[in-house]
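Subject: Structure handover

Hello,

Here is the structure for your files. Please open it alongside this note; the findings follow.

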Amino acid sequence: MSEIANLMAQLAPKEGINDTHLAGVRVFRGSQYASRGPLCYSQGVLIVGQGKKRVYIEDQTFDYDRQHSLVMTVPLPVECETFASIEEPVLVLMVDINLVQLNYIVRLMDEHHQIPKDLNESRQSGFFIANSTEDMDCSVIRLLQALQSPLEAKVMGEALVLELLYRLLDAPNSAPLYALSLTHTRLSRVEKALSYIHKHYGESVEVDTLASLVNMSPSAFHRCFKEVTTSSPIQYLKKIRLNKARELLQLQRLKVKEVSTQVGYESTAQFSREFKRYFDQSPGEFARL
């Protein structure tokens with residue numbers, strides 16, 4: 001087991017997501033293979049210490065593992081497959097992207113003329129893969145070491161997350177991360193619309209309203225939204241509602257009709273049909289698990 005994997009294992013004694021002594025930083029442990037299935041990734045950085053995960057986003061497929069980190073510049077519904085075993089569990093460091101920290105670094109880089117000049121021309125996807133480097137691994141090790149101690153996490157944790165973000169901004173394909181921080185880029189506008197969707201998914205959400213919110217025409221907004229998320233606004237909203245419904249069924253044990261209403265469906269029958277189509281089981285079947 002590598003040093004990074006060993007440090008992650010110490011921070012993740014139980015299956016699933018383990019909190020650390022630093023807010024916004026968690027470690028995931030999975031000890032068995034998980035077949036391809038839908039879930040929603042939040043805005044953040046996923047660094048693998050051991051094992052491998054495969055992500056499917058529309059017609060794109062890619063792996064993230066010890067040599068490749070996944071950076072989600074916006075929250076995205078995806079499908080994921082996990083490669084792990086009891087002997088070699090998958091271990092993933094999950095670091096939320098704090099926009100205050102990101103903006104601070106980008107502002108300093110701008111002062112030193114280190115901002116890429118082709119941001120508006122480059123494709124601003126909602127995710128990218130960052131190859132591991134020696135500098136990145138050193139940053140990860142320092143952060144994982146600090147997280148072993150409540151005091152060190154409190155004293156040095158935020159500075160070490162800043163260092164990690166800086167290393168990611170230095171990656172060759174990090175333009176989406178810069179675009180997230182800068183105002184009036186296509187990605188930052190779509191991110192604002194996504195924030196609105198995540199706050200109001202239980203209400204009626206109109207595409208024209210989202211476009212107006214970010215000062216774009218409906219056609220331009222639809223085009224940029226699909227560029228960033230690979231989904232149309234309506235498809236994205238549906239996936240978010242269904243993922244939120246699964247959380248409610250799993251964590252709060254609500255009745256199917258209550259969940260349907262809470263996530264914005266007027267028809268429980270339609271909700272049940274779309275839930276089964278998306279998760280390959282009815283909400284009632286899922287609730288009984």
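Helices (H or I, at least four residues) and strands (E, at least two) are DSSP runs, numbered from the N terminus. This is a predicted model: local features need pLDDT of at least 70, side-chain atom pairs count only at pLDDT 80 or more, and totals for chains, interfaces and linings use all residues. Residues are numbered from 1 along each chain as its sequence is written, and side-chain values use heavy atoms, with hydrogens and water left out.

Helix 8

Helix 8 covers residues 218-229. Its twelve residues should span 16 Å at 1.5 Å a residue (1.5 Å times one less than the number of residues). The end C-alpha atoms are 16 Å apart, which agrees.

A220, F221, C224, F225, V228 and T229 are its buried residues (buried is under 20% relative accessible area, exposed over 50%, partly exposed in between; 1.4 Å probe, protein chains only). They sit on the same side of helix 8, because their arc around the axis is only 135° (taken from the directions from the helix axis to the C-beta atoms). S219 and R223 are exposed, on the face turned away from that buried side. The cover over the buried residues includes strand 5 (52-57), strand 8 (76-83), helix 6 (186-200), helix 7 (207-213) and helix 9 (233-251) (contact: heavy atoms within 4.5 Å). T230 follows helix 8, with a positive phi near 70°.

Cysteines

C40 is partly exposed, at 28% relative accessibility. C80 is buried, at 5%.

Best wishes
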